[in-house]
Amino acid sequence: MADITKRIVAFLGSLLLIFALILTILPIPIVAYSDYPLSSSDTEIASALDYLRNNQTIQGDIGGFGTSAWATMAVAAAGEDPHDWKAGGDSIVDYLAANAGDATSVTDYARMTLAIIAADEDPTSFGGRDFVNLLKGQYNSGQIGDTSLLNDDFWGVMGLISAGESPSSEIIANSVAFIKNNQNGDDGWSWGVGQDSDVDDTACAVMVLIAAGESSGSNAITNGLNYIKSQQADNGGFLSWGATNADTDSWAIDAIVAVGQDPVSANWTKNDSTPVDDLLSFQQPDGSFYWQNGTPGMSVPKTTASAILALLGKLYPVKILEPEEGMQVYVRIEGQSSNIWSGNVTVTESDITADNSGTTYHLSDPTALGALDEASNHEERFSYYVTDEYGGLYAESIAGEQPSGANGWMYRVDYYSPSVGADQFIFAETTPPAPPHEEVLFYYGAWTDLPLKTSVNKTAVAKGEEFSVTVSVYNDTAHDWSTCENATVYVDHDYTTGSDGKVNITIDRDDTFKLFAEKSGCIRSNEVSVKVGTGVSSQAQVSLSVTITPAISIEVTPNSIDFGDLTPGYTSNACGITIDNKGGMSVTVTAETTDQAQGLFVNGLKLDNNSWRSFSKTIDANDNLQTQAKLAVSLNYAGVGQKAGTLIFWAEEAS
Amino acid sequence: MQGRWLLTSFCLVIAVILLFPVSLLAAGVGIAPKELEFNAYPGRSASETLYVINTGDSEAEYRVYAEEKYKNWFDITPSEFTLTPSEVKEVQITVSPPLLSVGDHADYIYVAATNPSPQLGMGAGIKVPVHLHIASWPLYVAIGMVVLLAALAVFFVWRRSRVR
């Protein structure tokens with residue numbers, strides 16, 4: 001009987017051992033990667049980020065202009081601030097801004113838009129360029145960019161969606177339809193119309209359709225995903241040119257995540273390998289990702305950036321700006337001697353108080369005056385004075401510039417001088433000029449002053465390369481533009497336009513120039529940026545530094561107190577203590593006393609005549625408080641001689 | 001003559017006092033970030049960095065420690081150091097939660113700056129809130145570990161019975 005028991009125990013033990021070995025040995029890769037998505041503190045991501053960081057130059061770039069944008073998105077997706085990414089010089093964001101002029105194609109504009117938004121910058125004003133308008137300017141024939149290409153539509157739509165463009169807008173709706181209409185018969189998409197499907201472009205199409213609001217259960221998405229699935233190899237990755245690679249895996253994983261599926265689920269597991277397993281197999285000892293093992297590929301930093309996003313379970317667009325309600329218009333305010341403000345604002349309704357009477361007026365529609373009010377509240381604030389003494393609301397002065405004689409503040413919409421006050425001009429409603437209303441210009445001048453417009457034939461030139469500036473003047477009668485002779489163009493110095501309104505300029509030094517034109521009897525023109533050479537001036541470098549205040553910091557003065565000679569039964573004189581809050585936030589301060597003096601300080605120390613135990617005060621940032629310390633020695637205190645103790649004031653963030 | 005000498009001495013003393021005013025030294029401490037957050041698994045450690053700066057105007061001794069209840073969970077390196085005014089120390093705080101610790105825990109890390117004094121030494125301290133999120137291991141890992149332990153136990157029982 002005992003033998004049988006032993007045999008059963010032996011049998012069960014062997015079974016359990018085998019089972020345990022299977023569980024503990026075989027699942028190692030599953031345990032390692034089933035925690036998908038990875039977090040930025042995981043070794044795989046941390047080392048990939050380190051690789052990118054180690055490849056940043058002092059100019060701030062990582063792998064050049066295009067790759068720096070991808071890297072910026074990866075850094076932001078990993079929860080880090082790209083502004084902090086610098087290798088002893090400019091940050092990667094500074095680099096992108098300084099080289100914004102290098103963007104020349106739809107995909108450049110889209111990639112820049114995505115990166116700028118990921119870095120929490122304004123895509124409508126970055127490096128002197130409005131990438132959202134540049135993208136919108138590529139819309140033609142119901143799609144974005146080249147009608148024979150699809151990848152410019154994928155990324156163009158992606159960029160605009162990221163910038164907060166409504167999926168129901170004409171440009172998005174039509175471009176999405178164009179993308180869907182060009183899904184191939186095998187359910188995939190290609191880079192070009194009528195070309196063979198591939199996983200990379202199909203993944204892009206899936207991502208952009210989801211971003212544009214397409215249901216993950218729609219035919220287009222389901223079929224697209226089926227195509228991706230059909231290309232899954234036995235190692236879990238996705239085929240491209242007959243083998244898997246990190247770039248294709250990354251975008252395919254992004255697409256899977258975009259539709260709400262799990263790339264490490266059984267559905268995407270083949271022979272116990274997932275797409276994530278295959279992607280991780282391309283990671284090198286230095287943290288980078290090669291296109292294929294043994295083949296670095298065209299850009300290791302770009303491949304690494306894509307892998308970081310995919311492993312984090314993030315996808316493109318990394319960030320999407322909330323679409324703002326109301327009318328978006330470009331506001332430009334030209335003062336007597338310089339531009340006061342320019343930029344995009346979104347205006348809905350406004351409450352504007354007349355400075356002369358104190359009466360507040362509610363403008364329930366988006367008006368030109370409302371746009372001025374919105375602009376005045378932007379980061380680079382300016383003041384304006386509005387009066388109701390002439391009937392409606394009138395902006396009498398802006399940025400302190402007061403009317404004088406025949407000169408004062410006027411406004412125009414799309415260069416047209418409306419016949420109603422700025423408070424009554426309702427965007428998309430009031431005519432003339434006909435909607436859509438895109439720009440409102442407030443300017444200091446005379447009633448008869450005419451708008452100027454400046455344009456250039458090149459926005460980026462090499463040092464010594466000629467470019468041409470054209471100045472036009474608006475005709476208030478014909479409502480069109482004609483060339484403007486004898487206008488002064490301000491670039492590196494003054495130039496004068498010829499009879500054709502043009503002037504050719506050659507500059508021999510690196511810098512980015514913001515040029516504009518002026519002429520007597522005219523309104524100062526818009527600014528245009530031209531990048532010469534590297535676009536970075538070597539003539540004036542400004543050293544920047546900043547001292548960051550600790551989040552929480554307190555200082556206690558003095559650092560010791562001598563209560564003098566005391567006899568049991570007596571209380572010392574009051575000693576003043578100052579507690580300074582030197583941190584950036586309000587703190588609550590409490591006290592704690594310790595001693596090795598038979599409780600002399602613990603029992604006898606008083607702050608503001610109360611036990612130190614009841615001390616609890618809140619001190620605002622950069623404020624301080626005074627407290628009085630006294631020591632009461634009890635009548636039966638037995639010790640003699642000098643006694644020491646410690647009084648610590650503890651600070652914690654005020655709730 | 002003596003009156004003149006006394007007046008001169010008095011003026012000299014006043015001048016010395018004016019030239020070298022008594023300055024009250026301050027004890028100061030600053031930290032960043034204002035709170036720490038750890039995401040860890042039981043038995044697996046996670047680390048964060050706390051920066052400590054001497055914002056006072058004299059050298060001070062600094063001690064960084066965790067609340068008694070969670071003291072054994074934390075490894076703080078360095079936990080005691082001296083900083084001159086404006087000097088910054090990078091303190092590595094590693095949490096290694098024990099096996100039965102799944103859940104969210106709140107604690108404080110204490111950073112105290114003190115000046116050793118033969119009298120009542122004044123100090124400045126900061127309580128840094130710490131949030132610990134201890135997630136459970138995936139189920140199959142736990143099952144695997146339990147099965148392994150059970151297998152080992154059965155194995156040893158079997159071995160002992162065979163020896164007999």
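Which residues in H4(A) meet which residues in H6(A)? In this predicted model, A:Gly66, A:Ala69, A:Thr72, A:Met73 and A:Ala76 on the H4(A) side meet A:Arg111, A:Met112, A:Leu114, A:Ala115 and A:Ala118 on the H6(A) side.

**Helix packing in chain A**

- Helix H4 (residues 65-77) of chain A and helix H6 (residues 106-118) of chain A cross at roughly 35°, and their axes come within 8 Å; the crossing of H4(A) and H6(A) is left-handed.
- Sorted by class, the residues in the contact of H4(A) with H6(A) are seven nonpolar, two polar and one charged.
- Helix H3 (residues 43-54) of chain A packs against helix H14 (residues 300-311) of chain A with the axes 10 Å apart and an angle of about 150° between them. Angles over 145 degrees count as roughly antiparallel, and H3(A) and H14(A) are therefore roughly antiparallel to each other.
- The crossing of H3(A) and H14(A) is left-handed, and the residues that H3(A) brings to the contact are A:Glu44, A:Ile45, A:Ala48, A:Leu49, A:Tyr51 and A:Leu52, which meet A:Pro301, A:Thr304, A:Ala305, A:Ala307, A:Ile308 and A:Leu311 in H14(A).
- By class, the contact of H3(A) with H14(A) is made up of ten nonpolar residues, one polar residue and one charged residue.

**The four-stranded sheet in chain A**

- Four strands of chain A form an open sheet with mixed pairing, in the order E6-E5-E12-E11.
- Strand E6 (339-347) and strand E11 (408-413) of chain A are the edge strands, each with a single partner strand, so one side of each has no neighbour in the sheet.
- From one strand to the next, the twist of this sheet averages 20°.
- Within the sheet, strand E5 (residues 327-334) of chain A runs parallel to strand E12 (residues 439-445) of chain A, and five bridges join the two; A:Ile333 stands opposite A:Phe442 in E12(A).
- Helix H15 (residues 368-376) of chain A packs on this sheet and touches E5, E6, E11 and E12 of chain A, while the direction of the helix makes about 110° with that of E6(A).

**The five-stranded sheet in chain A**

- Another open sheet in chain A has five strands in the order E14-E22-E20-E17-E18, and its pairing is mixed.
- At the edges of this sheet are strand E14 (460-461) and strand E18 (494-496) of chain A, each of which pairs on one side only.
- E14(A) pairs with strand E22 (residues 528-532) of chain A in the parallel sense over two bridges, and A:Val461 stands opposite A:Val532 in E22(A).

**Make-up of chain B**

- The secondary structure of chain B consists of two helices and nine strands, and from the N terminus on its elements run α-β-β-β-β-β-β-β-β-β-α.
- Of the 164 residues in chain B, 27% are buried.
- Among the contacts in chain B with a separation of 6 or more, 67% are between residues 24 or more positions apart.

**Backbone features in both chains**

- Most residues other than glycine have a negative phi, and most peptide bonds are trans.
- The peptide bond from B:Ala32 to B:Pro33 is cis, with omega near 0°, and B:Pro33 is found in the loop between strand E1 (27-32) and strand E2 (36-40) of chain B.
- The peptide bond from B:Thr77 to B:Pro78 is also cis, with omega near -10°, and B:Pro78 has its place in the loop between strand E5 (74-77) and strand E6 (80-83) of chain B.
- A:Asp187 is not a glycine, although its phi is positive at about 80°, and A:Asp187 lies in the loop between helix H9 (170-181) and helix H10 (199-211) of chain A. Because A:Asp187 has 19 C-beta neighbours inside 10 Å, it counts as partly exposed; a buried residue would need 20 or more.
- A:Ala399, not a glycine either, has a positive phi of about 50° and is placed in the loop between strand E10 (392-398) and E11 of chain A. With 17 other C-beta atoms within 10 Å, A:Ala399 is partly exposed.

Note on methods: Residues are numbered from 1 along each chain as its sequence is written. Chains are lettered from A and ligands numbered from 1 in the order in which they are written. This is a predicted model: local features need pLDDT of at least 70, side-chain atom pairs count only at pLDDT 80 or more; totals for chains, interfaces and linings use all residues. Axes are lines fitted to C-alpha atoms, for helices over the stretch in contact, and angles run from 0 to 180 degrees between N-to-C directions. Angles under 35 degrees count as roughly parallel, over 145 as roughly antiparallel, 65 to 115 as roughly perpendicular and the rest as oblique. A crossing is left-handed if the near helix is turned anticlockwise from the far one by less than a right angle, and right-handed if clockwise. Two residues are in contact if their C-beta atoms, placed from the backbone, lie within 7 Å. Ala, Val, Leu, Ile, Met, Phe, Trp, Tyr, Cys and Pro count as nonpolar, Asp, Glu, Lys and Arg as charged, and the others, Gly among them, as polar. Two strands pair if DSSP finds at least two bridges between them. A residue is buried if 20 or more other C-beta atoms lie within 10 Å of its own, exposed if 12 or fewer, and partly exposed in between; C-beta atoms are placed from the backbone.
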